[in-house]
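I opened this notebook to record what I looked up in one protein model. The entries follow in the order I made them.

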Amino acid sequence: MGKPDAEGHGPADGVPGLPPEWGRVVVPDDASALAAEAAELRRELRRASGLPGGHRGLGLPLVVLLVAVLTTLGGLLAVTWPRANRGADRPTPAPYSPPATLVGRALPALDLVDADDAPVPLRGLLPAMIILLDGCPCPDRVTDALAAAPAGVSVVTVTGGRTVPARPTIERQARALADPAGGLRSFLSQPARPGAATALLVDRAGTVTRVLPDLGTIESYRSDLSALAA
């Protein structure tokens, strides 16, 4: 059994004593007498938590739901928000540059094929105006070239693949050939452009004298074509 200390405090029967500042503590025989104090204590705890007592259990689920909604809205805005610089992200196509560096170079010794799939040496047809029709059939341009070409100057039309186009129904006809290997287009180092026919003027020595990336009217090349007959 414990004994009280010199001032009369402390356990007298083995039970720890209470702090002296608490004063005199009275324990009722009936616990219901403390109901009012218990209710007041619960009200204080609810006020300290900041949530109404009836909705305390909904606090965490509401926070999780709010975060999920905000995350979804943020993702939608990031995808659908218009960007001012989207147009600037697209690369600007390089402008077409005429292959002027071919002027003065020798035409390579290419063998094309005719309608019978027989090889035809291209340099054997010089001097010539060679018109590539892989970007455009352009029958009117071919007809104009035939009308303007002086005697002794060949007009040669060249298509890709092995298909040779039908010859125009006029008195003078172009020499229609195909370039299945694509050697002539490779020599130009320029791709075929839809709606445009490319032409080369080559003298009898095999030297390129003029390049027409987009074959136009006769007046744009008449003098160069006449010079091939000299």
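Surface. I looked up the area first: the protein chain exposes about 15200 Å², and carbon and sulfur atoms supply 60% of it. Accessible areas come from the Shrake-Rupley method with a 1.4 Å probe, and for residues only the protein chains shown count as cover.

Source. I note that this is a predicted model, in which local features need pLDDT of at least 70 and side-chain atom pairs count only at pLDDT 80 or more, while totals for chains, interfaces and linings use all residues. Residues are numbered from 1 along each chain as its sequence is written, and side-chain values use heavy atoms, with hydrogens and water left out.

Burial. Of the 230 residues of the protein chain, 26% count as buried. Buried means under 20% relative accessible area, exposed means over 50%, and partly exposed lies in between (1.4 Å probe, protein chains only).

Fold. I found six helices and seven strands in the protein chain. Along the sequence they follow the pattern α-α-α-β-β-β-α-β-β-α-β-β-α. Helices (H or I, at least four residues) and strands (E, at least two) are DSSP runs, numbered from the N terminus. I also looked up contacts, meaning heavy atoms within 4.5 Å. Among those between residues at least 6 apart in sequence, 57% join residues at least 24 apart.

Nonpolar patch. Leu-65, Leu-66, Val-69, Leu-70, Leu-73 and Leu-76 form a nonpolar patch on the surface, with about 580 Å² of accessible area together. Patch residues have over 30% relative accessible area and no salt bridge; like charges are joined within 9 Å, and nonpolar side chains (Val, Leu, Ile, Met, Phe, Trp, Tyr) within 5 Å. A salt bridge is a side-chain nitrogen of Lys or Arg within 4 Å of a carboxyl oxygen of Asp or Glu. I placed Leu-76 in helix α2 (residues 59–80).

Disulfide. The structure holds one disulfide, a pair of cysteine sulfur atoms within 2.5 Å. Cys-136 and Cys-138 form it, with their sulfur atoms 2.0 Å apart. The link is right-handed, with 120° about the S-S bond. Cys-136 is buried at a relative accessible area of 14%, and Cys-138 is buried at 12%.

Arg-185. Is Arg-185 buried or exposed? I found that Arg-185 counts as buried, because its relative accessibility is 15%. Arg-185 lies in helix α5 (residues 183–188). Its side chain makes a polar contact with the side chain of Asp-134 (2.6 Å). A polar contact is a pair of N or O atoms within 3.5 Å; within protein, one must be able to donate a hydrogen and the other to accept it, and residues adjacent in sequence count only if both atoms are side-chain atoms. Leaving aside neighbours within four places in sequence, Arg-185 is in contact with residues including Leu-132, Asp-134 and Thr-198.
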